[in-house]
Structure formats: structure tokens, C-alpha cells
Amino acid sequence: MLSLDGAIDVHIHSAPEVFGRIGDAVEIAKRCEAAGMRGVVFKAHNEATMTRAYFANQQLQNLQTFGGLVLNDFVGGINPTAAKVALDLGAKIIWGPTMHSRHHEETFGRGTYGIKRQTVEGTIYKPGITVVDEQGRLSKDLVDILDMVRERDAIFATAHFSPQEIEAVVDGYAQQMKILVNHPFFLPRMPTEWFVKLAEKGAYLEVCANICQPMAFYQGSGMTVRQAADLIHGAGTSQCLIAT
């Protein structure tokens, strides 16, 4: 029987957020604590989550919650100032942009995941975020952020970057710091072998259970359980983690 004793989930969305969620940070944390888990990291598309983690921790005994920051337009995009303050406040993960990345925009549309319940109306004010130039070099602002994350021994997660952007981050930094490639097969939609090569370069792969759900297939980017098993086998368990 599967046990969650001591487990840590690094990718949990809690209310309040731009989309509906299954509970607020305290409610979710208490359920995780009751299941025997050791920790969770809260993520929000629209704001930093260290504050909700702080207040959740006041009501917990055996589980610790953490926060982070997603670099969407809500916080100024690839914004070193926002990243620095987040790290100063204890952020454990800095994510690249999600619904505001150019790659996301080209896949689903800007501010939407292709379905009404995952759409933020009225946020289309400028082009999608990209962090590489025509020569494939990373932007200075992202380099500054990566350097700050490395200095704090935090994690940088690739979120909804394009394959080219992910490769540039992994090639430049995966040997120096923790680089987490979020939900393979969702964004980007690449073959197993591509992700395995990223792991061989030192990146960690986050196998997200929700990408196996029917909605992900409806959106055109689902992951079968067989794909997940093949990915973990190919990349090795030391380079993979499972999140909800």
C-alpha cells in the first residue's frame, strides 16, 4: 500500500488564486499533514506564496509549508527585484512564466489554458515573455535571477518556457544549481528522449500526476502512466520527483 509518510510535494496550487482550487493553503496543508506528509511548496500564477506558507505554518504541528514566486506579468515578468525580495522572504522555488510565456501563448493563447475555467480575462496587454535572443542567449535579467537563486541554494523551475529556453537554462546552469523541469509532456510537448537528455545534463524532472488526468488530454498535452514510467526509468529515480 502506498504511503505518504514523509513525502514532500513541491507543486501545490491553493486558493486564493486566479483559478478555482480545491482549498486554501491552510485547508490543503492540514490534509497533507493528516496524510503523514512532511512538507509542501505552494505555487500561485499571480503572486508570491511565502505569506500564505507563513500563516499556514502557524496552524501545523508536523508539516512545514514553503512558498515561491512565478515570474508572470502579475509580478513584472522576468523581474530581478521581485525575485530578490521573494528569496529574501524565504522563497524555495522561483518559477519561470506560466500563462504569460510566449511558448504558452503560442500553445494555448495568452492568459488561458484553452478552457474557460482556466482563463484570466483582460490580461492581454503585451507580447508573451521570452528569455532568449536570436542567438539563443539568455536575457541579462534571467541570468541575474538564476545567479541569485543559485547563491541562496534555492530551485529554479522552467515552468512554461519553450524547449529552446529550457535547453539554454539547463546547459548553462544545471551543473551549478538545482534546475527543475516542470510537468514533462504538458509544456513543452517533447519526446521522452529529450527529457532524458536534460536529466543527463543534471536537470531534475517533475512528473506531475495531474498531467495524467482527462483534462490534460482534452487540452492536447496529457501524459500516460506508461510515459511516466518510461521517463523515470530512462532518466533515473535520482533525477525525478513526483508532484500532484
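This report walks through the pockets and some backbone features of a predicted model.

## Ground rules

Residues are numbered from 1 along each chain as its sequence is written. In this predicted model, local features need pLDDT of at least 70, while totals for linings use all residues.

## The largest pocket

Let's start with the largest pocket, whose volume is about 820 Å³ (the space filled by probe spheres set on grid points joined across faces, edges and corners). A pocket is an open set of points on a 1 Å grid over the protein atoms alone, where a 1.4 Å probe fits, with protein on both sides within 12 Å along at least five of seven lines; lining residues have an atom within 4 Å of a point.

Its lining counts 28 residues, and H13, R21, N210, Q213 and T244 are the closest to the centre. β1 (8–13), α1 (25–34) and α8 (214–218) each give at least two lining residues (helices are DSSP runs of H or I with at least four residues, strands runs of E with at least two, numbered from the N terminus).

## The second largest pocket

The second largest pocket holds about 270 Å³. Of its 13 lining residues, L4, A7, D9, M37 and T244 lie nearest the centre. β1 supplies the largest share of this lining, 3 residues.

## Backbone features to look for

P16 sits in the loop between β1 and α1, and P188 in the loop between β7 (178–181) and α7 (192–200).

H183 also lies in the loop between β7 and α7, and its phi is positive, near 25°. At 5% relative accessibility, H183 is buried (under 20% relative accessible area, with a 1.4 Å probe and protein chains only).

Key
Predicted model: local features only at pLDDT ≥ 70, side-chain atom pairs only at ≥ 80, totals over all residues. Heavy atoms only, no water. Buried < 20%, exposed > 50% of the residue type's maximum accessible area, 1.4 Å probe, protein only.
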